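Good morning, and thank you for coming. Please take a moment to look at the sequence and the model on the screen.

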Amino acid sequence: MIPLGPLPAAVPPSWYLILSAILFALGVLGFLLRRNIITVFMSIELMLNAVNLSFVTFSYVLKRVDGHIFSFFVMVVAAAEAAVGLAIILTVFKNRQTLEIDEVSSLKN
Amino acid sequence: MQLWLIPILPFLGFLLNGLLGKKLSKPVINAIAVGSVLLSFVWVVKTLSALGAFSGGLEETYKEHYYTWIQSGMLNISVDFAIDRLTAVMLMVVTGVGTLIHIYAVGYMAHEGGYYRFFAYLNLFMFFMLILVLGANFLLLFVGWEGVGLCSYLLIGFYFLEKFATDAGNKAFIVNRIGDFGFALAIFLVAIHFGSLDFGTVFTQIKAMPIETSAGIFTVISLLLLLGATGKSAQIPLYVWLPAAMAGPTPVSALIHAATMVTAGVYMIARTSQIYLHSPWALDIVAIVGLTTAFVAATIGLAQNDIKKVFAYSTVSQLGYMFVGLGVGAFSAGIFHLMTHAFFKALLFLGAGSVIHACSGEQDMRYMGGLRKYTPITMVTLLCGSLAIAGFPFLSGAASKDLILEAAYEHAPWMYWVGVFTAGMTAFYVFRAFFLTFFGEYKGKPAAGHGHGHDDAHGHDGHGHGTPHESPAVMWIPLAILAVLSVGGGFINIPHFLEPLFPLQEGEPARWLEYVAMAAGLGGIAMAYLFYVVSPGLPESLATTFKGLHTLIYNKYFVDEFYDATVVEPMVDGSRQLLWRVADVQVIDGVANGIGSTARGLGGILRRAQSGYIRSYAAWVLAGSILAIAYIGFMGLAR
Amino acid sequence: MDTILFLIFAAIAVICGINLVVQTHPISSALSLVGVMGALAALYLLLGGEFIAAAQLVVYAGAIMVLFVFVIMLLNAGTEKRLNVRPLGKYLGAPLLLVFFGMMAYLIQKVMPPSSPVVFGAFQGGTAAEIGKSLFTVYLLPFEVTSVLILIAILGAIVLARKEVD
């Protein structure tokens with residue numbers, strides 16, 4: 001497992017995956033804890049990146065290119081999503097004059 | 001033989017008048033209403049003569065099967081009509097007297113509102129009564145039984161804008177219901193014990209069984225049937241509805257509460273005679289109930305001032321006589337009295353209606369009097385009826401009543417003496433009414449002009465109110481026919497006719513029994529003459545002397561008040577406190593509202609998930625996904 | 001050598017990630033995110049994903065993050081007042097996350113098939129040629145669909161950000 005002692009020459013792929021998990025967890029944390037809409041959005045991007053890393057790792061393990069393709073598509077979708085999402089944020093800001101996520105709660109109850 | 005036409009014709013009349021009556025003119029409504037019953041009568045006569053009833057035939061029951069109504073396990077109930085000699089008598093009485101009363105009602109109700117409704121209900125009543133009589137099993141009898149109860153309610157409460165009328169209707173229906181409860185229980189027992197409700201099947205089975213000496217199934221069934229009969233035929237303890245039923249129009253009182261519906265109980269006991277014959281103890285109870293009722297009702301009738309109430313209590317009393325006849329085993333005598341009573345009681349009621357019509361709606365006898373100058377036809381016909389009921393020799397009433405009294409003597413002499421005394425009272429109160437109405441001076445509103453000529457052979461309607469006037473022909477012709485029947489009806493030898501069903505007893509009864517009864521009747525008439533014609537002050541002084549007794553009788557022994565206090569009030573109160581406050585408001589409403597408020601509460605809890613905060617949504621998603629991953633992961637690992 | 005490279009870039013990624021969550025001003029968070037992406041690009045290289053690494057830097061860090069920075073500056077977003085975290089988040093969210101992370105780690109350990117360690121250059125299938133070959137044959141349909149998706153996104157962004165026509 002995770003060996004303690006002298007560093008190995010190369011790391012097993014599971015370490016990459018653990019790194020991906022850590023980044024994902026950080027992204028979720030940011031999403032839950034931050035109040036600025038834009039920061040929340042960026043946490044989402046962080047989560048997407050973590051997943052990308054996971055894809056590429058598995059692509060390496062299985063010796064196939066499909067993981068890379070997936071990762072490519074994720075990036076494309078993230079780009080589109082960022083564009084539209086930011087446009088929405090702009091509109092919300094124009095209407096509410098606030099970037100606090102808690103104040104955009106008209107759907108309450 | 002198309003027996004079904006007999007009830008269906010009046011039913012058609014009901015449908016036509018009930019649905020279209022609003023748009024039809026009076027002559028058309030009359031034609032439909034009277035015509036349907038008349039046609040029914042004609043059909044009865046035709047059927048009976050075809051069956052040979054008038055010429056010594058019809059020894060066996062003639063049955064027609066229509067369709068199977070209920071087929072459930074071993075119970076097979078079909079819609080069958082059957083005619084035997086008993087049914088023949090009932091059919092003739094019901095349709096014959098019914099037709100006459102329908103004709104009379106055309107004249108009596110001429111000025112009343114709701115004309116078509118009245119005749120529709122009257123036709124519906126005929127329909128149900130005929131089903132009751134023609135039914136060949138207990139269930140059909142019960143259908144007719146309930147149906148006539150319904151029509152009675154509708155017709156008593158005909159003037160539904162008057163509270164006392166609707167109250168009377170309610171009283172009739174509710175008191176009847178109590179009787180019907182007993183009847184229904186009896187039907188259930190019959191179905192359980194004999195496996196069928198068909199008269200033929202059940203009675204054949206019973207004939208082969210031994211007579212009970214102690215309380216057994218026959219006694220129970222008989223007593224339950226008796227309960228039903230006391231409700232419908234107004235015997236003690238369920239007679240209180242009949243005097244109140246006088247709130248309905250007089251033709252209703254004549255038809256339903258004198259000639260036909262109230263006799264349903266008598267008919268029912270006669271029909272189920274086999275059951276009663278197997279339980280002598282129950283038969284005794286029937287006789288005692290009848291005798292007590294006859295006596296008590298007669299005493300109440302002595303002091304009433306409303307002419308219709310006098311006749312109402314008279315009906316109760318005469319029904320008691322019929323029950324006595326049944327109870328001492330003389331079933332045919334009871335049915336004979338049923339027939340003659342239909343004649344003279346219908347006559348008395350219709351005559352009373354004529355009198356009331358003459359006095360422009362006045363029913364209190366203290367404001368009548370001297371009407372023999374103004375309404376001679378009515379007087380003559382009423383005289384016939386009164387003589388009949390009083391037991392004047394050779395008239396119909398005497399013939400049937402004597403038979404009953406003789407049979408009573410054979411059974412238990414004390415019954416005979418009570419019956420004779422009651423006969424005397426009967427004669428007294430009937431002639432009290434007669435003399436108060438027709439003799440003396442007219443005590444009503446003063447006459448504005450002079451009265452119309454008497455003895456108009458053709459009826460006319462152009463009368464001024466204020467002076468008493470004779471009724472139109474459409475009203476006194478039925479009276480005349482009924483008078484003839486009251487006088488001559490005694491010569492129709494019903495007991496002989498019913499012999500195949502109810503074997504007659506052997507031997508001639510002692511002649512003196514007849515004479516004593518006759519003497520009692522004549523004595524009653526004489527006393528009434530004395531009290532009300534010769535010395536009119538006598539009743540007043542007697543009343544003051546025996547004040548307590550008079551008050552007791554006048555207030556009908558306070559029976560109504562007693563029932564009110566013991567039965568009605570507790571039930572209404574109990575309903576209000578228990579059933580309404582607790583069962584309805586708390587339990588049922590509580591459950592219904594409770595479901596609503598539970599749903600609301602649940603919604604309130606679940607609503608918290610919809611906080612509107614995006615982040616809490618994310619938290620929920622995270623929690624869910626953790627659960628999902630854990631589940632899949634560890635399931636996978638476990639493998 | 002690979003180990004050291006991995007550790008360095010992993011550390012950069014984690015530290016930048018933590019920085020993203022902790023910083024109050026959105027600009028600081030944006031810059032931290034750029035750092036994360038850069039580190040990840042290096043890691044992709046280690047894993048043999050040359051094209052992906054390049055795409056990451058050009059598209060993600062170069063276009064998307066620039067867009068983010070533009071919007072932040074346009075909206076003049078200031079620092080957040082305080083990290084006023086609702087108690088529910090603080091006391092429930094963080095432990096939940098730890099649990100999540102721990103679970104993932106454990107599962108990964110158990111389930112991974114034994115494989116060789118990651119060596120730079122061991123996987124040659126991530127070249128542009130390979131990706132292009134796969135993209136235009138096997139994944140042709142998704143490729144076309146994503147182009148439509150981008151078109152829709154452009155339209156959407158234009159509609160949303162338009163000034164009202166008075």
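Which residue takes a positive phi in the hairpin of β1(B) and β2(B)? B:Gly73 does, with phi near 65°, and this hairpin has 2 residues between the strands.

A word on conventions. This is a predicted model, in which local features need pLDDT of at least 70, side-chain atom pairs count only at pLDDT 80 or more, and totals for chains, interfaces and linings use all residues. Residues are numbered from 1 along each chain as its sequence is written, chains are lettered from A and ligands numbered from 1 in the order in which they are written, and side-chain values use heavy atoms, with hydrogens and water left out.

Helices (H or I, at least four residues) and strands (E, at least two) are DSSP runs, numbered from the N terminus. Two strands pair if DSSP finds at least two bridges between them. In chain B, strand β1 (residues 62–72) pairs with β2 in the antiparallel sense over 9 bridges, and B:Ser72 stands opposite B:Leu75. Of the 9 residues in β2 (residues 75–83), 7 are buried; buried means under 20% relative accessible area, exposed over 50%, and partly exposed in between, with a 1.4 Å probe and protein chains only.

Next, the loop between α8 and α9 of chain B. B:Ala234 is found there and has a positive phi of about 55° although it is not a glycine; B:Ala234 is buried, at 0%. The loop also holds B:Pro237, joined to B:Ile236 by a cis peptide bond with omega about 5°.

Finally, in chain A, A:Lys63 lies in the loop between α2 and α3. Its phi is positive, near 60°, and A:Lys63 is partly exposed because its relative accessibility is 45%.
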